[in-house]
Amino acid sequence: GKQLLCQVCKKDAEELEREKDENKKKLGVVARHYDRVFYKLDGQGYLPHERTHIWIVDARSGKARQLTDHAVSDELGATWSPDGKWIAFVSNRSPQPDFDLDAWDLFVMPAAVRQNSPLREFRRIPTPPGGKSQPSFSPDGKWIAYYGDPIADEGYRNTNLYVVPADGSAQPHNLTEKYDLNVSPWTINDLGTPESMPPTWSGDGKTIYFPVTLHGNSILKSISLDSKNLQDVINQTGVVGSFSFDREQRRMAYFFGHLGDPCQVHILDVSNGKTRQLTQHNRDLLQKMDLGSIESIWIKGPAGNDGGKENRLQGWILKPPGFDPKKKYPSILEIHGGPQTQYGNYFMHEFYFLASQGFVVHFSNPRGGRGYGEQHTKAIWGDWGNADYADLMAWTDYMAAQPYIDPDRMGVTGGSYGGYMTVWIIGHTQR
């Protein structure tokens with residue numbers, strides 16, 4: 001508890017110069033010089049030239065010490081070993097990371113390492129090519145769990161949970177591969193993405209806790225190190241975000257949101273599985289508001305897809321406040337971004353706003369997204385606008401047949417990939 005481990009991206013030198021020189025500050029940015037392909041990001045704008053590196057901060061004095069430095073590569077997911085002597089992290093050390101997106105490796109280094117130390121002090125743990133994130137040491141320090149992609153260049157694959165010996169003496173073991181689960185809490189919304197917590201070990205080191213997206217929910221599961229015992233820990237209609245055990249692992253505090261409430265703090269009693277809500281944020285506001293009514297349904301999707309299996313499609317229908325089933329309503333089809341994520345049982349301000357204006361808002365999880373198995377995601381790999389379009393049209397056909405829908409006033413919209421599909425749809429149907 002004497003030191004803090006953190007990741008820092010320092011301010012660029014030219015920005016510091018502008019802060020010191022009033023004339024340069026007034027002049028502002030006159031040119032930008034980039035030698036990397038990935039130079040700009042939605043929500044952040046132009047990216048800094050500095051990379052993200054690992055620092056240690058003395059908790060008492062506040063003095064900081066930089067441990068890593070590299071002109072091209074970032075170090076992410078830094079975490080202590082239980083004895084505080086080692087730090088694990090992931091980094092893409094290829095000469096041009098922007099052109100080798102699967103070259104992420106797992107590293108371990110001594111916490112006492114000096115800045116600009118030679119690479120021999122960084123021990124690379126052998127792992128297959130592919131994305132990796134959020135390493136986590138076992139309580140005895142002998143194992144590292146992490147989230148990773150099973151095969152490089154195949155982005156439709158599920159993110160999986162792996163364990164590997166911390167000394168690199170054996171290849172990683174994929175604990176979740178046989179269960180066809182995507183290890184992530186990401187259920188898309190517009191009020192903040194659920195935080196993905198690192199793999200969390202039980203005190204005896206025999207079990208790991210991790211998030212999963214499934215059928216519009218973000219649930220918390222646990223699995224044994226031999227991968228034979230997979231259990232639901234929190235499986236409710238909604239989204240589990242951050243979670244944290246108490247010291248004895250008898251209780252767990254966690255964030256939980258659902259369609260009627262963005263997020264509250266809950267407590268789980270591990271011994272009996274009972275949960276209770278601790279906070280009541282926004283209660284006064286939400287109790288005053290009529291958000292309308294929302295339901296989840298499943299329909300039969302287009303025939304002859306999903307390897308011959310029935311393509312079942314999950315969707316949601318939000319009816320406006322004061323809904324009258326005898327009236328005809330205009331409607332809006334919403335399409336999520338990604339596409340490798342899911343809509344689900346989570347609060348969406350945009351949807352409720354549109355419903356408050358008198359629209360029936362409806363949305364679904366067509367093929368290409370997450371939460372319904374790897375084949376569901378693979379269906380549009382390299383083939384956008386085919387299986388996903390068929391699913392969205394089948395869902396729209398279902399909605400158009402509802403007695404309360406005006407078929408001549410049906411709108412469509414979406415963000416990111418959902419924007420792509422909006423343009424695709426209006427270019428492929430005269431509806």
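The model is predicted, so local features need pLDDT of at least 70 and side-chain atom pairs count only at pLDDT 80 or more, whereas totals for chains, interfaces and linings use all residues. Residues are numbered from 1 along each chain as its sequence is written, and side-chain values use heavy atoms, with hydrogens and water left out.

**The sheet**

- S24 and S26 run parallel and are joined by six bridges; two strands pair if DSSP finds at least two bridges between them.
- Five strands form an open sheet of mixed pairing, in the order S22-S23-S25-S24-S26.
- S22 and S26 are the edge strands, each of which pairs on one side only.

**Helix H6**

- H6 covers residues 387–400, and its 14 residues reach 20 Å from the first C-alpha to the last, close to the 20 Å expected at 1.5 Å a residue, where the expected span is 1.5 Å times one less than the number of residues.
- Because ten of its 14 residues are buried, H6 is largely enclosed by the rest of the structure; buried means under 20% relative accessible area, exposed over 50% and partly exposed in between (1.4 Å probe, protein chains only).
- Among the buried residues of H6 are Tyr389, Leu392, Trp395 and Met399.
- What covers the buried residues of H6 includes strand S22 (293–300) and helix H7 (417–426), contact meaning heavy atoms within 4.5 Å.

Definitions and conventions
Helices (H or I, at least four residues) and strands (E, at least two) are DSSP runs, numbered from the N terminus.
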